[in-house]
Amino acid sequence: MRGQPLQMGMKPSHPGSFVRHDIVEHHGLTVAQAAEALGVRRATLSDLINERSGLSPEMALRLEKVFGVSMDMMLRIQAAWDADVMRARFKETAFKAFTPVT
């Protein structure tokens, strides 16, 4: 079945926004404190929460183990973000749908 992708009308949030608001700020942590708890460099966490990098599966697992946030949920947030970015990037590209020869 071929059709348009489901559009909900809202741009997905970057996973870094969730980490910033719902983990770092919620727990009253500095970026350095949260990075130390996660066992990563401060710059690594800073890049994520400032939306300069994506969420890796490893970071999602660290968030689950340290803060109890579902790894699967975090990876779904990242996947939704990635899909939205790709659709926007290739919106004007002239791809032609495959039509089988009969």
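Let's start with contacts, meaning heavy atoms within 4.5 Å. In this protein chain, take the contacts with a separation of 6 or more: residues 24 or more positions apart account for 56% of them.

A word on the source. This is a predicted model, where local features need pLDDT of at least 70, side-chain atom pairs count only at pLDDT 80 or more, and totals for chains, interfaces and linings use all residues. Residues are numbered from 1 along each chain as its sequence is written, and side-chain values use heavy atoms, with hydrogens and water left out.

Now the overall build. The protein chain has 5 helices and 0 strands. Helices here are DSSP runs of H or I, at least four residues, and strands are runs of E, at least two, numbered from the N terminus. Along the sequence the pattern reads α-α-α-α-α. The radius of gyration, taken over C-alpha atoms, is 17 Å. The globule rule is 2.2 Å times the number of residues to the power 0.38. For 102 residues that rule gives 13 Å, and the chain's value is well over it, so the chain is more spread out than a compact globule. Look at the C-alpha trace: along its principal axes it spans about 60 × 25 × 25 Å.

Next, the surface. The chain exposes about 7500 Å², and carbon and sulfur atoms supply 56% of that. The areas come from the Shrake-Rupley method with a 1.4 Å probe; for residues, only the protein chains shown count as cover. Of the 102 residues, 25% count as buried. Buried means under 20% relative accessible area, exposed means over 50%, and partly exposed is in between, with a 1.4 Å probe and protein chains only.

On to helix H1, residues 15-25. Its buried residues are Pro15, Gly16, Ser17, Val19, Ile23 and Val24. What covers them? The cover includes helix H2 (31-38), helix H3 (42-49), H4 and H5.

Helix H4 is 57-67. In H4, Met59, Ala60 and Leu63 are buried. They cover an arc of only 105° around the axis, which puts them on the same side of H4. The arc is that of the directions from the helix axis to the C-beta atoms. An α-helix has 3.6 residues a turn, so residues three or four places apart point the same way. The cover over the buried part of H4 includes H1, H2, H3 and H5. Just after H4, glycine 68 takes a positive phi of about 75°.

Now helix H5, residues 71-89. What caps its N-terminal end? Serine 70 does: a side-chain oxygen lies 3.3 Å from the backbone nitrogen of aspartate 72. How far apart are the end C-alpha atoms of H5? They are 27 Å apart, which agrees with the 27 Å that its 19 residues should span at 1.5 Å a residue. The expected span is 1.5 Å times one less than the number of residues.

Which residues of H5 are buried? Met74, Gln78, Trp81 and Asp84 are. They cover an arc of only 125° around the axis, which puts them on the same side of H5. Their cover includes helix H1 and helix H4.

Two residues of H5 to finish. Glutamine 78 is buried, with a relative accessible area of 7%. Not counting residues up to four places away in sequence, glutamine 78 touches Pro15, Gly54 and Leu55. Arginine 87 is also found in H5. Arginine 87 is partly exposed, with a relative accessible area of 42%. The C-alpha atoms of arginine 87 and serine 17 are separated by 20 Å, and the two are 70 residues apart along the chain.

Key
A polar contact is a pair of N or O atoms within 3.5 Å; within protein, one must be able to donate a hydrogen and the other to accept it, and residues adjacent in sequence count only if both atoms are side-chain atoms.
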